[in-house]
Amino acid sequence: MGIYTTVMDEVALYTGLSPTAFFTILAMMVVVYRTVTNMFVSPEDYNKPPVVSTRGNIRFDDDAKPAAEPVQLGEITEEELRPYNGSDPSKPILMAIKGQIYDVSSARNFYGPGSPYAMFTGKECSRALALLSFKPQDINGNLEGLDESELAVLEDWEYKFMEKYPKVGQLVPSQRTQQNEHKEQIQDNFDVGKEEAK
Ligand code: HEM
Ligand SMILES: *[C@@H]1O[C@H](CO)[C@@H](O)[C@H](O)[C@H]1NC(C)=O
């Protein structure tokens with residue numbers, strides 16, 4: 001008990017803060033530190049550049065692989081967006097904001113498997129971004145009940161993504177892709193044709 005009160009007195013003396021305030025601030029600093037450090041890939045995780053022998057073999061980088069061009073997907077549904085969550089290394093990592101799909105593959109440290117924002121990938125995440133929420137039930141495109149400031153937050157995110165990432169498509173409600181609409185139209189015409197032939 002003596003040690004406890006001594007420590008508390010020292011904390012109050014040195015920091016001018018109540019012990020509760022001191023430990024709350026300390027805990028918050030630890031949380032922020034851990035969150036931020038988790039966002040960065042440690043240097044060892046980067047592939048080391050290949051060791052190339054230069055003897056009699058001066059290489060120019062003209063055979064270097066160009067950065068993969070983002071694949072344009074056009075109009076797809078939320079179900080079709082799901083697999084683009086980083087689990088398949090041959091697929092780009094995508095996420096949608098206000099129905100627009102962005103290729104975020106260039107930021108694997110944010111969105112790759114196991115990274116802090118991986119839960120948003122392969123999904124429409126407007127609501128989560130507006131509310132600054134990581135809750136699974138908020139990771140969707142439902143903007144119902146959001147107030148003006150939340151919509152402004154969402155708009156800021158949208159601008160950030162428009163600037164930083166290539167847009168590769170847009171979401172359409174299930175069963176209403178353009179192709180389906182087109183097919184339906186053909187089917188309608190076909191049905192009309194059959195009626196007239198009778
Ligand atoms: C403890 C709270 C948080 C801290 C300390 C934090 C910190 C950061 C930092 C340092 C970055 C990198 C910024 C950059 O280099 O451009 C970042 C990016 C990001 N944060 Fe947070 N963040 C926090 C909470 C959140 C929340 C609540 C959300 C949304 C629900 C969020 C969504 C994002 C997203 C989507 C990115 C990546 C943006 C991009 O692709 O460039 N963060 N965060
Ligand atoms: C990513 O998507 C695939 C295919 O839709 C699914 O099997 C897998 O569980 C998802 N992974 C995560 C981490 O959500």
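Pairing here takes at least two bridges found by DSSP between two strands, while strands (E, at least two residues) and helices (H or I, at least four) are DSSP runs numbered from the N terminus. The model is a predicted one, in which local features need pLDDT of at least 70 and side-chain atom pairs count only at pLDDT 80 or more, though totals for chains, interfaces and linings use all residues. Residues are numbered from 1 along each chain as its sequence is written, with chains lettered from A and ligands numbered from 1 in the order in which they are written.

On to the next pair: strand 2 and strand 3 run antiparallel and are joined by four bridges, with Ala96 standing opposite Ile101. The hairpin that these two strands make has two residues between the strands, and Lys98 takes a positive phi near 50 degrees there. Strand 1 pairs with strand 4 in the parallel sense, again through three bridges, and Glu75 has Gln170 as its bridge partner.

Put together, the four strands make an open sheet with the order 1-4-3-2 and mixed pairing. Strand 1 (74–76) and strand 2 are the edge strands, each pairing on one side only. From one strand to the next, the twist averages 35 degrees, taken between N-to-C directions on a scale from 0 to 180 degrees, with axes as lines fitted to C-alpha atoms.

With 19 C-beta neighbours inside 10 Å, Ile76 counts as partly exposed, because buried means 20 or more other C-beta atoms within 10 Å, exposed means 12 or fewer, and partly exposed lies in between, with C-beta atoms placed from the backbone. Beyond its neighbours within four places in sequence, Ile76 is in contact (C-beta atoms, placed from the backbone, within 7 Å) with Leu81, Gly169 and Leu171. Its C-alpha atom is 6.4 Å from that of Gln170, a residue 94 positions away along the chain.

Tyr102 reaches across several parts of the chain: leaving out residues up to four places away, its contacts include Leu94, Met95, Phe161, Tyr165 and Val168.

As for the protein overall, there are seven helices and four strands, running α-α-β-α-β-β-α-α-α-β-α from the N terminus. Of its 198 residues, 17% count as buried. Among contacts with a separation of 6 or more, 58% join residues 24 or more positions apart.

Finally, ligand 2 is surrounded by Arg82, Pro83, Asn85, Ser87 and Gly122, each with its C-beta atom, placed from the backbone, within 6 Å of the ligand. By class, this shell has one nonpolar, three polar and one charged residues, where Ala, Val, Leu, Ile, Met, Phe, Trp, Tyr, Cys and Pro count as nonpolar, Asp, Glu, Lys and Arg as charged, and the others, Gly among them, as polar.

Terms used: Contact = placed C-beta atoms within 7 Å.
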